[in-house]
Amino acid sequence: MCKRTEGGRKGDKVKYVITGASGFVGRQLLKRLTAKGHQVVGIGRTPSSANSVDPQVSFAGYDELPKVASGADCFLNLAAVNNDADASEETFFKVNAELPQQLAAQAKAAGVPVFVNFSSFHALSDGPESLYARSKRAGADALERAADLKALNLYLPAVYGDDFAGKLAVLKKLPGFLRSAGFAVVSALAPVVHVDRIAAFVGEDLIKVASDEPVLLADNKDENLVYRFGRKLIDIGFALAVILIFWWLLLIVLVLVKTGSAGPGIFAQDRVGKGGRVFTCYKFRTMGKDTRQAGTHEISESAVTPIGAFLRKTKIDELPQVWNILKGELSLVGPRPCLPVQEELVAERTKRGVLDILPGITGFAQIQGIDMSHPVRLARKDAEYIARRGLIFDLKIILGTFIGKGQGDRTAKSN
């Protein structure tokens, strides 16, 4: 929980200082925090008019921040110039990039142990280049680089709660009886998060998070029936297309592999799947038959056969895994399954909940060029994928794979 550890505060009640509390997310977050009995102080440029936001919240100006932040347990920065604002580049960067650094420094000076900077999925490294995205990205990056400021960047997708706002506001134009169905479709296409999830994080889950690692919050896509149906349709459609349309290619490759070097045409290997369960993963063999069982990055490139090099480059070696898809062990898109002996990666993925979903033939990390030689970096990117899941994002990953993005699991250079 976001609270002090020295004692002296009654029960689990927390004192929060919040900037940007008059916005859509801020108003609903205040309502939930005060309902839990927490003390909340809002900081704004016009504190007198802000008192109407929530009668249980006291408001102060930025000039009073050092005083009201004293004794606070958590500082939440929601202040931002939003994407739809008609503002100059200077204003965007002053509020979205410079202000978070100033507030984090003031929170530290006041002895506030936790500073959370609210950001957006738009500000992630591969996000758009709008003024909003670039300024929020600059602010988050600066906080991550500032070793002397204990700050956590919290990335959010479109937020909803008691009402819809922003891009989700279009749902309010639908008749009431269609609104739930419309929301299910929209939230299957792209990530969203309920304010209750945010309130639970800042109220209960924050203590579990490493302060030096950003957090992405989103609703669990596995609870969205439209998304699950869409994913299954893509998986089964891909598997059947490979088997029914490209069966001839599979036979040709099988013959080339078997005649190109000694050993079987299909290579079976244990991999770690959903829930940490081990399953047998099938691929066309791309290495000599006596190659040791280890991560690809630990195997010399000299172990790769001539036909294997072509198959790995084109990713054709992965096609036999359609059998794993039909067995429910793999999806087309997801974190690439690792070997049981890659214990560090398994541990990092377990810690971040990556093993809660099906692994995939291709994944977000792979088209970003991140392989299993970087366990922490890979696990973080896998966790990012889980938060950003949506049918549109999955299709982008599939397209990125087909056009050759990423380099797959690289072998070690021969001496």
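This is a predicted model: local features need pLDDT of at least 70, side-chain atom pairs count only at pLDDT 80 or more; totals for chains, interfaces and linings use all residues.
So, strand 2, residues 39-44, pairs with strand 3 in the parallel sense over 4 bridges; pairing here needs at least two DSSP bridges between the strands.

Residues are numbered from 1 along each chain as its sequence is written, and side-chain values use heavy atoms, leaving out hydrogens and water.

Zooming out, we've got an open sheet of 7 strands, order 3-2-1-4-5-6-9, with parallel pairing. Its edges are strand 3 (58-61) and strand 9 (215-216), each pairing on one side only.

Now helix 5, residues 131-145. Buried residues (under 20% relative accessible area, 1.4 Å probe, protein chains only) include Tyr132, Lys136, Arg137 and Leu143. What covers the buried ones? Helix 4 (89-109), strand 5 (115-120) and strand 6 (151-156) are among the elements doing that.

Last stop, glutamate 384, in helix 14, residues 375-388. Glutamate 384 is buried too, at 11% relative accessible area. Its side chain makes a 2.7 Å polar contact with that of arginine 388, meaning N or O atoms within 3.5 Å, one able to donate a hydrogen and the other to accept it, with sequence-adjacent residues counting only if both atoms are side-chain ones. Beyond four places in sequence, glutamate 384 contacts (heavy atoms within 4.5 Å) Leu124, Asp126, Leu216 and Phe364.

Key. Buried means under 20% relative accessible area, exposed over 50%, partly exposed in between (1.4 Å probe, protein chains only). Helices (H or I, at least four residues) and strands (E, at least two) are DSSP runs, numbered from the N terminus.
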